[in-house]
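Me: I am new to this structure. Can you walk me through how to read its features?
Reply: Gladly. Let us look at it first.

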Amino acid sequence: MIKGNVLGDVRAEQDIKMLETAFWESSDYKSLLESYDRPIIVGRRGTGKSALAHKLAKHWSSKPNISVIKIAPEEEQVIGLRDIFDLFGDKYLHIKAGTKMAWRYAIYMEVISDISSHYKYQKNIDSASIRKHIIEWGAKRKGIASKIRAKLMGLFSDEQTPQSRIADLSDALELELLEEVLLEALRKSKTKYIVFADKLDEGYSPDNLGVAIVDGFVQAVIDIKSKMEEEVIAFAFVRDYIYRAIAKLDPDFTRNIEGQTHRLHWDEYNLFNMVCNRIRVAFGSDIENNTRLWSKYAVRELTGKDGFRNCLKLTLYRPRDILVLLNEAFLRANSRERSEIVLEDIESTAKSISSNRLLDLHKEYEYIFPSLDEFTSCFYGSASELSVEEAENRVQPVLTNDRHERNKQQDIFIIGSSREVLQRLYSIGFIGLHNDQSSSFVFCHDGKDPDRDFKKDARLLIHPCYWLALGTVQAELKLDEAEDINDEYDIEVTSISKEQRTQKIGALLSELDSIPEGKSGAYDFESWCLKAIKIIFAGVLCNVEANPNVNGLQQRDVVATNLGETKFWKRTLEDYKSRKVVFEIKNYVDLKATEYRQVNSYLCNDYGSIAFIITRDHNNNLAKHRELSWAKEIFHNHKKIIIKLSFKFLKKHLRKLRSPQKHDALDKELNSLLDTYVRRYFSYTSK
């Protein structure tokens, strides 16, 4: 009997079983294990912040000489803080300054209280000098926000001004003394503490005071990082809309916070593995290969990674979205006495899922984008794909209407132009922008402010997960188009940090390790090569497509348009007339004469007289008496060059992109490889 949430609950606190037995160690998880450099973890709803906090805390708790403290304020406790923090005045910077010291004190006291009650460490703390603080702080069972409130209530007099309260607060709390005592105790104990603060949105209000309370906590975490020298490390998990509010109100955001932030990002690879881990536990399967595992429980049109991508079309690439969708699908399948899900199971819940995603979007950004629902409603019944001009015409009536409720009207006046509306809608993932070079739609799923120009004739696409909710008119989206919607995020680095770029490339490199050679992995290897080619040759090749020849069902080739932007590609365009470039993909090592002749048959008209074969060989060298002979035959008889590229070649240049030093390294190597063919392999043809 399948239960309601067969793949686990979307709330981390209710999902302990799956987190303990099926947790997927994502790129974000591994990054946070390896480095403390970015203690502010930012993610949208449903990106797994609480799950990360839980698993990271459990990991560090199991390590020797490390203690973990978890902070999760309750809603009523945070609301109760508002009266106390009001004592710092009504100016944002003043409130932030006061709350920062209060939160820092609170974190210090949580650690000090734990040390003073520890059978082994308590002897190392000079409790005499801070005994009053320990006694007043209270028992562990009391919430941290309640203890701050009680502490601050007795510190201030009514006669003091907000400025004097802030100026006196550090001395009143004896912060420097606490730091000295705490550092000394930890060094004597040869231990360190890691603090995880989650659910900072509990009791949150979108006014200056509410934002400053969270901002103060964020600043306290950053201060602790610099003052405690890794003896105490604190992480704060913050929702994106609150983070954006902080960025808007805090004038020191860029200097103090932005560089300390790690943004959570999910892609197809990580989501697929997360889902498969849960399926394996839910159904007690011992199938190790994730593609085969998925295909056992997702059948017909949902089989394989293409089927999974079809499911992802209805999500915003977040764990919560895909789990809700699949839980509902399995529940429906069970009601029809099936353990496997089919496309009909997905489609039956797609409308409600789509409506919920749109509602989630409105809730998530209602405070920092109050007029969002007015602008999304402009697209009811529209085409899914529009030009910028068409989209501007749809949102313009909202901008010219001055009869909205006050907070929406203020927001609309602040926006000012229809172009800025589209930029906002792009920044939250509602619409994507077409990239002509990569020939795909690029969506921003991390909430960062956009830095793109929206030209009048540029193409926009409403995210497919909202289509059913909006009743949009569209042609059926093909699987490879659905993949491109998000795959291009790999190379569109304007909205993700350098660290996330590194993680994305690392995930793609790891994905190759699970693809077997031969027929069984042929399609996955082609998909991997397509992604790699798009990333490696971004900006020099455009309109990169897989299998564009619909009549050649067995052909595994990738075709791209040569822009002639670099020396090598200009050379292929001018010397070999190759406006369209063919990459034949072979998921094995040993090539035969038929492969060379097949590629030769492509080379006419715009394809010119040069092409590439990508193989599972470990180097680019031609095998003597076989590949070399066939390459020469094609060159002698047809004056065409077919260059072999190893998959290792693609991997090497993907790795280089993680920290690009020489931007022309790839171009130079290709030029050198072409010279090798012309001067060495075919040299005896010269007179």
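Me: Where do I start with charged side chains? Which residues are linked in a network of salt bridges?
Reply: One caution: this is a predicted model. Now the network. Salt bridges link Lys96, Asp250, Asp252 and Arg255.

Me: Which side chain does lysine 96 meet in a salt bridge?
Reply: Look for a nitrogen facing a carboxyl oxygen, within 4 Å. Lysine 96 meets aspartate 252, at 3.6 Å from N to O. Then ask where each partner sits. Lysine 96 belongs to helix H5 (residues 92–116), while aspartate 252 is in the loop between helix H11 (240–249) and helix H12 (253–256), so the pair ties together parts 156 residues apart in sequence.

Me: Is lysine 96 buried or exposed?
Reply: Compare the relative accessible area with the cut-off: buried means under 20%. Lysine 96 has 8% relative accessibility, so it counts as buried.

Me: What about arginine 255: buried or exposed?
Reply: The cut-off for exposed is over 50%. Arginine 255 has a relative accessible area of 63%, so it is exposed. The side chain of arginine 255 also meets that of aspartate 252 in a salt bridge, at 3.2 Å from N to O.

Me: How many salt bridges are there in the whole structure?
Reply: A search finds 35. Another one joins aspartate 590 and arginine 626, with the closest N and O atoms 4.0 Å apart. This pair links distant parts of the chain, 36 residues apart. Aspartate 590 is in the loop between strand E12 (580–585) and helix H27 (593–602). Arginine 626 is in the loop between strand E13 (610–615) and helix H28 (627–638).

Me: How accessible are aspartate 590 and arginine 626?
Reply: Values between the two cut-offs are called partly exposed. Aspartate 590, at 45% relative accessibility, counts as partly exposed. Arginine 626 counts as partly exposed too, at 35%.

Me: What does the side chain of arginine 44 contact?
Reply: The side chain of arginine 44 makes a polar contact of 3.2 Å with the side chain of tyrosine 365. A polar atom of the arginine 44 side chain also lies 3.0 Å from the backbone oxygen of isoleucine 428. Arginine 44 is in the loop between strand E1 (40–43) and helix H3 (49–61). Its relative accessible area is 3%, so arginine 44 is buried.

Me: How do I read a strand?
Reply: In a regular strand, side chains alternate between the two faces of the sheet. Strand E3 is mostly covered, with six of its six residues buried.

Me: Which strands pair with E3?
Reply: Follow the bridges and the direction. Strand E2 (residues 66–71) pairs with E3 in the parallel sense, over six bridges. Here lysine 70 has phenylalanine 196 as its bridge partner in E3. Strand E4 (residues 232–239) also runs parallel to E3, joined by five bridges. There tyrosine 193 has valine 232 as its partner in E4.

Me: In what order do the five strands of the open sheet come?
Reply: The order is E10-E11-E12-E13-E14, with mixed pairing. Strand E10 (541–546) and strand E14 (641–646) stand at the edges with a single partner each, so one side of each has no neighbour in the sheet. Neighbouring strands are turned by 25° against each other on average, direction ignored.

Me: How do E11 and E12 run?
Reply: Strand E11 (residues 557–562) and E12 run antiparallel, joined by five bridges. Valine 559 stands opposite valine 582 in E12.

Me: Which helix lies across these strands?
Reply: Helix H26 (residues 567–576) lies across E10, E11, E12, E13 and E14. Helix H26 runs at about 130° to E13.

Me: And the overall picture?
Reply: The protein chain has 30 helices and 14 strands. Of its 687 residues, 58% count as buried.

Definitions and conventions. Residues are numbered from 1 along each chain as its sequence is written. This is a predicted model: local features need pLDDT of at least 70, side-chain atom pairs count only at pLDDT 80 or more; totals for chains, interfaces and linings use all residues. Side-chain values use heavy atoms; hydrogens and water are left out. Helices (H or I, at least four residues) and strands (E, at least two) are DSSP runs, numbered from the N terminus. Buried means under 20% relative accessible area, exposed over 50%, partly exposed in between (1.4 Å probe, protein chains only). A polar contact is a pair of N or O atoms within 3.5 Å; within protein, one must be able to donate a hydrogen and the other to accept it, and residues adjacent in sequence count only if both atoms are side-chain atoms. Two strands pair if DSSP finds at least two bridges between them. Axes are lines fitted to C-alpha atoms, for helices over the stretch in contact, and angles run from 0 to 180 degrees between N-to-C directions. Contact means heavy atoms within 4.5 Å.
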